[in-house]
Amino acid sequence: MADAPRARKLAKRIAQIVASALEHEVKDPRLARVTITDTKVTADLHDATVYYTVLGDRLDVPPDMQGAAAALESAKGVLRSMVGAGTGVRFTPTLTFVADPIPEDSKNIEDLLARAAAADAEVARLANGAKPAGDPDPYRAPREDDEDDED
């Protein structure tokens, strides 16, 4: 079994090879906006999971995730051959392409932060003209006339 540093090094090399191949070698127009974000290799170096994102043509148009997934599946054999030639390992890892969940997660976090900012603004608006519910000085100080009563 291989050690973890070797698996990380191979994963990084696979990501570079696949990204370069998608940019220069594979001529599928559905892969024009695909970006390789991460790669994980199993400890035995037999399986590699390649994470990718797809950028849209414009901000108001969602990206074609299904088309990119289909294009990556059809190009999987060519990409695996390029990985085998570029890495020089005895067994070329099988490639599995997975859409990276980070863009959706980051959008959810941005939505949560926007809701928190709106709640903070509402609390600040309510606190703007508020007065304390109790005495103006809530801390009890000893009365000066208590000493005079004892005498």
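**View 1. Lysine 76 and glutamate 73 form a salt bridge.** In this predicted model, their closest N and O atoms are 3.2 Å apart. A salt bridge here is a side-chain nitrogen of Lys or Arg within 4 Å of a carboxyl oxygen of Asp or Glu. Lysine 76 is partly exposed, at 23% relative accessibility, and glutamate 73 is also partly exposed, with a relative accessible area of 44%. (Buried means under 20% relative accessible area, exposed over 50%, and partly exposed in between, with a 1.4 Å probe and protein chains only.) A search of the whole structure finds 5 salt bridges.

Residues are numbered from 1 along each chain as its sequence is written, and side-chain values use heavy atoms, without hydrogens and water. Local features need pLDDT of at least 70 and side-chain atom pairs count only at pLDDT 80 or more, while totals for chains, interfaces and linings use all residues.

View 2. Helices are DSSP runs of H or I with at least four residues, strands are runs of E with at least two, and both are numbered from the N terminus. The closest N and O atoms of lysine 107 and aspartate 111 are 3.5 Å apart. Aspartate 111 is partly exposed, at 38% relative accessibility.

**View 3. Arginine 125 and glutamate 122 meet in a salt bridge through their side chains.** The N to O distance is 2.5 Å. Both residues belong to helix H4 and are 3 residues apart, so about one helical turn separates them. Glutamate 122 has a relative accessible area of 36% and is partly exposed.

**View 4. Three strands form an open sheet in the order S1-S2-S3, with mixed pairing.** Strands S1 (34–41) and S3 (94–99) are at the edges with a single partner strand each, so one side of each has no neighbour in the sheet. Two strands pair if DSSP finds at least two bridges between them. Strand S2 (residues 47–54) runs antiparallel to S1, and 7 bridges join them. Tyrosine 52 in S2 is the bridge partner of isoleucine 36.

**View 5. Helix H1 (residues 4–24) lies across S1, S2 and S3.** Helix H1 runs at about 155° to S1. Axes are lines fitted to C-alpha atoms, for helices over the stretch in contact (heavy atoms within 4.5 Å), and angles run from 0 to 180 degrees between N-to-C directions.
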